[in-house]
Amino acid sequence: MSTRAIVRGVGHYLPAHVVENAEFEATLDTSDEWIRTRSGIERRHFAAEGETTSQMAVEAAKAALADAGLEADDLDAIVLATSTADLTFPSAATMVQAGIGMTHGFAYDVQAVCAGFIFALANANSMISSGLARRVLVIGAETFSRIMNWTDRGTCVLFGDGAGALILEASEGTGTTADRGILSVDLNSDGRHRDILYVDGGVSTGTSGHLVMQGKEVFRHAVEKLSDTAHSALAKVGLDGTDVDWLVPHQANLRIIKATAQRLHLPMEKVIVTVQDHGNTSAASIPLALSVGRHEGRIVPGNLVVTEAIGGGLAWGSVVLRW
């Protein structure tokens, strides 16, 4: 027997303000067609004035708890992935802890940009496997609209805000790939590529900064590294693309998603795609897509799911789980 971290519930939250591509035409040399062709994005959600990352995370957490049929007191820990926390400190996770009425256990943030949710899942899985926690709320939440350079058409049209949450729970398995829960994890980073995707400011530099991206370089690295990490995670448990029911990738760009699926020999019918409606929500994109896929009835118990992401750092990784 072995302890597995199974998915108990999932939920998400999107701000009410929806921004269609056409709205950028008034201030940028761009068009709906230009944005759709290069990214697959049609619209995105932006947080309202005063609406914060932790507030969105609280709403996603409540949705996941409701889906799981649990209360805040049933949780042992919260791991929140974000690059856009409300404050330098305390962590957004502790704000969520208070926001949902959880008065015990522990909470902390993870920062791996767009790969953050994968790293947070890995953290939660390790805690459950080791016995440190039995139920862990894992959240990805971002307000990337606050770090956009609104004169850069190559970046500001790509990102959106939102939050997604997933509850992992300890369960006894047989130790085979037939088990429900997380089966394998693959994590990577390479700091030599910092300059192709970063924010040009931070606390120690004294400026808040804006997102800067070399799109062509990011695309090249993303397709190669995402397919490699997915293959590696599957190989760790003796599986391959033919065993996969659903690929749930980081929702950054439809062309990257299609190219990665092709390298995994997966038809697009087996890929959950939400980038057209949400844009790139960084660490929130995977839990958002998982929640949408689950609540639309596409992801069902027993499905083998591969989820993978890459973000600034560069940091990238994947998780193989049976729903």
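## Basis

Residues are numbered from 1 along each chain as its sequence is written, and side-chain values use heavy atoms, with hydrogens and water left out. Because the model is predicted, local features need pLDDT of at least 70 and side-chain atom pairs count only at pLDDT 80 or more, while totals for chains, interfaces and linings use all residues.

Strand S13 spans residues 315-322. Helices (H or I, at least four residues) and strands (E, at least two) are DSSP runs, numbered from the N terminus. Of the 8 residues of S13, 8 are buried (under 20% relative accessible area; exposed is over 50% and partly exposed in between, with a 1.4 Å probe and protein chains only). In a regular strand the side chains alternate between the two faces of the sheet. In S13, Ala315, Gly317, Val319 and Leu321 point one way, whereas Trp316, Ser318, Val320 and Arg322 point the other way, and all are buried.

S13 pairs with strand S8 (residues 181-189) in an antiparallel arrangement joined by 8 bridges; two strands pair if DSSP finds at least two bridges between them. Leu321 of S13 is the bridge partner of Ile182. Strand S12 (residues 304-311) is also antiparallel to S13, again over 8 bridges, and Val320 in S13 stands opposite Val306. The hairpin of S12 and S13 has 3 residues between the strands, and Gly313 in this hairpin takes a positive phi near 145°.

## Helix H5

Helix H5 (residues 215-235) has 21 residues and reaches 30 Å from its first C-alpha to its last. This is close to the expected 30 Å at 1.5 Å a residue, the expected span being 1.5 Å times one less than the number of residues.

An α-helix has 3.6 residues a turn, so residues three or four places apart point the same way. The buried residues of H5 include Val218, Ala222, Lys225, Leu226, Thr229, Ala230, Ala233 and Leu234. The cover over the buried residues of H5 includes S8, S12 and S13, along with strand S9 (197-199), strand S10 (211-213) and helix H6 (254-263).

Thr53 is found in helix H2 (residues 53-68) and counts as buried at 1% relative accessibility. A polar atom of the Thr53 side chain lies 2.6 Å from the backbone oxygen of Thr84. Not counting residues up to four places away in sequence, Thr53 touches Thr82, Thr84, Asp86, Ala141, Glu142 and Thr143, where contact means heavy atoms within 4.5 Å. Ile299, in the loop between helix H8 (285-295) and S12, is buried with a relative accessible area of 2%. With residues up to four places away again left out, Ile299 touches Trp246, Val248, Ile272, Leu290, Gly293, Arg294, Val305 and Trp323.

Glu51 sits in the loop between strand S3 (43-46) and H2. Glu51 is buried yet has no salt bridge (a side-chain nitrogen of Lys or Arg within 4 Å of a carboxyl oxygen of Asp or Glu). The nearest side chain of opposite charge is Arg146, 6.1 Å away; Lys and Arg count as positive and Asp and Glu as negative, while His and the chain ends are not counted. Beyond its neighbours within four places in sequence, Glu51 is in contact with Tyr13, Pro15, Met56, Thr143 and Arg146.

## Salt bridges

The whole structure holds 14 salt bridges. One of them joins Glu169 and Arg8, with the closest N and O atoms 2.6 Å apart. Glu169 lies in strand S7 (residues 161-173) and Arg8 in strand S1 (residues 2-13), so the pair ties together parts that are 161 residues apart in sequence. Glu169 is buried, at 8% relative accessible area, whereas Arg8 is partly exposed at 31%.

Arg43 meets Glu42 in a salt bridge of 3.4 Å, N to O, and Asp277 in another of 2.5 Å, N to O. The pair of Arg43, in strand S3, and Asp277, in helix H7 (residues 275-278), links distant parts of the chain, 234 residues apart. Salt bridges that share partners join Glu20, Asp32, Arg36, Glu42, Arg43 and Asp277 into one network. Within this network, Glu42 is partly exposed at 21% relative accessibility and Asp277 is partly exposed at 30%.

Note on methods:
A polar contact is a pair of N or O atoms within 3.5 Å; within protein, one must be able to donate a hydrogen and the other to accept it, and residues adjacent in sequence count only if both atoms are side-chain atoms.
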